[in-house]
Amino acid sequence: LRREAAALLRSGGDVRTAAAEEASRGYELALLGAYEAALQSLEATLAECRRLGRAFAIVATQHNLGFVLLGLGRLEDALRVERQALAAFTAGGNMLMDAACRDYLARILVAAVRAEEAGAEAVAAVGALPAEHPYALSARASLAQALLARRAPGDAASAMTHARAVYDALREDPARFQEPAFILRVHLEALEANAPADEARQAREEARAWVLERAGQIRSEHYRRTFLEGALDVARILKCPSGPGAA
């Protein structure tokens, strides 16, 4: 639908809104785990935004590119574009997008086995916004992930505190969050690190139910398969044991 909307807008001469639709489509493809398609879409959008001189759209697209490059495992490229976006948003005083960039940077740094740096970025993101803002809550999940990766004394318990708070907020109002599966996964990892088996089992079942419901909403068979094979780390959730005796 976004592709059709962008084509109609472009044919009508509204290339700026068409570029915005394409940027949204690229991000949504990434949420499905279709990272190669998302990369192509966002790179095309970035080129168009540069041609149009849309400064904010350029930086916002770079921010989303960082997320896509993380999904592709291109960590150095992801760090480079995300830091470029962060520098631009910080210089412009945009604290909301500053926090969003630091959240993504934290995830990229965890993947790059740089947990200490990841934790610092996540702490900065959490502190930049009101505690209940969805971006601040997402950054708390990234902080929990960084703490679990760092594994210093007390980190597992601290990670559990952050992960549980975000998980409770997700259950209270799922519509506030763009990446619920990330929160589900971090919560599961925190539970497993702290070994409350009954809670972990319940959380796994809730995560499995969410994954299967979300998959049922994806009309494209190709993207549904992509989602179930690995998008948003859901494959691990589906492979987790369940039922009596499962840890």
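1. Leu79 is buried, with a relative accessible area of 2%. Buried means under 20% relative accessible area, exposed means over 50%, and partly exposed lies in between, using a 1.4 Å probe and protein chains only. Leu79 sits in helix H5. Leaving aside residues up to four places away in sequence, Leu79 touches Leu105, Ile108, Leu109 and Arg114. A contact here means heavy atoms within 4.5 Å. Leu79 also lies 9.5 Å from Ala112, C-alpha to C-alpha, although 33 residues separate them in sequence.

2. A word on the source. This is a predicted model, where local features need pLDDT of at least 70 and side-chain atom pairs count only at pLDDT 80 or more, while totals for chains, interfaces and linings use all residues. Residues are numbered from 1 along each chain as its sequence is written, and side-chain values use heavy atoms, with hydrogens and water left out.

3. The overall fold is helical. The protein has 13 helices and zero strands. Along the sequence the pattern reads α-α-α-α-α-α-α-α-α-α-α-α-α. Helices are DSSP runs of H or I with at least four residues, strands are runs of E with at least two, and both are numbered from the N terminus. Of the 247 residues in the protein, 47% are buried. Among contacts with a separation of 6 or more, 56% join residues 24 or more positions apart.

4. Back to H5. This helix has 17 residues and reaches 24 Å from its first C-alpha to its last, close to the 24 Å expected at 1.5 Å a residue. The expected span is 1.5 Å times one less than the number of residues. The buried residues of H5 are Ala78, Leu79, Val81, Glu82, Ala85, Leu86 and Phe89. An α-helix has 3.6 residues a turn, so residues three or four places apart point the same way. What covers the buried residues of H5 includes H4, H6 and H7. After H5 comes Gly93, with a positive phi near 75 degrees.

5. How do H4 and H5 pack, by angle and axis distance? Two packed helices are described by the angle between their axes and the distance between the axes. H4 (residues 55-71) and H5 (residues 75-91) pack at an angle of about 150 degrees, with their axes 8 Å apart. That makes H4 roughly antiparallel to H5. Axes are lines fitted to C-alpha atoms, for helices over the stretch in contact, and angles run from 0 to 180 degrees between N-to-C directions. Angles under 35 degrees count as roughly parallel, over 145 as roughly antiparallel, 65 to 115 as roughly perpendicular and the rest as oblique.

6. H4 passes H5 in a left-handed crossing. A crossing is left-handed if the near helix is turned anticlockwise from the far one by less than a right angle, and right-handed if clockwise. Contact residues on the H4 side include Phe56, Val59, Ala60 and His63. On the H5 side they include Leu75, Ala78, Val81 and Phe89. The residues of this contact of H4 with H5 divide into 13 nonpolar, four polar and two charged. Ala, Val, Leu, Ile, Met, Phe, Trp, Tyr, Cys and Pro count as nonpolar, Asp, Glu, Lys and Arg as charged, and the others, Gly among them, as polar.

7. Helix H6 (residues 95-111) has 17 residues and spans 25 Å from first C-alpha to last, close to the expected 24 Å. H6 is mostly covered, with 14 of its 17 residues buried. H6 and H8 (residues 134-150) pack at an angle of about 20 degrees, with their axes 9 Å apart. That makes H6 roughly parallel to H8. The crossing of H6 past H8 is left-handed. Among the contact residues are Leu96, Met97 and Asp103 of H6, and Tyr135, Ser138 and Gln145 of H8. By class, the contact of H6 with H8 has nine nonpolar, three polar and two charged residues.

8. Two loop residues deserve a look. Most residues other than glycine have a negative phi, and most peptide bonds are trans. Val113 has a positive phi near 60 degrees and is not glycine. Val113 lies in the loop between H6 and H7 (115-128). Val113 is exposed, at 72% relative accessible area. Arg151 likewise has a positive phi, about 65 degrees, without being a glycine. Arg151 lies in the loop between H8 and H9 (155-172). Arg151 is exposed, with a relative accessible area of 72%.

9. Last, Val123 in helix H7. Buried or partly exposed? Val123 counts as partly exposed, at 48% relative accessibility.
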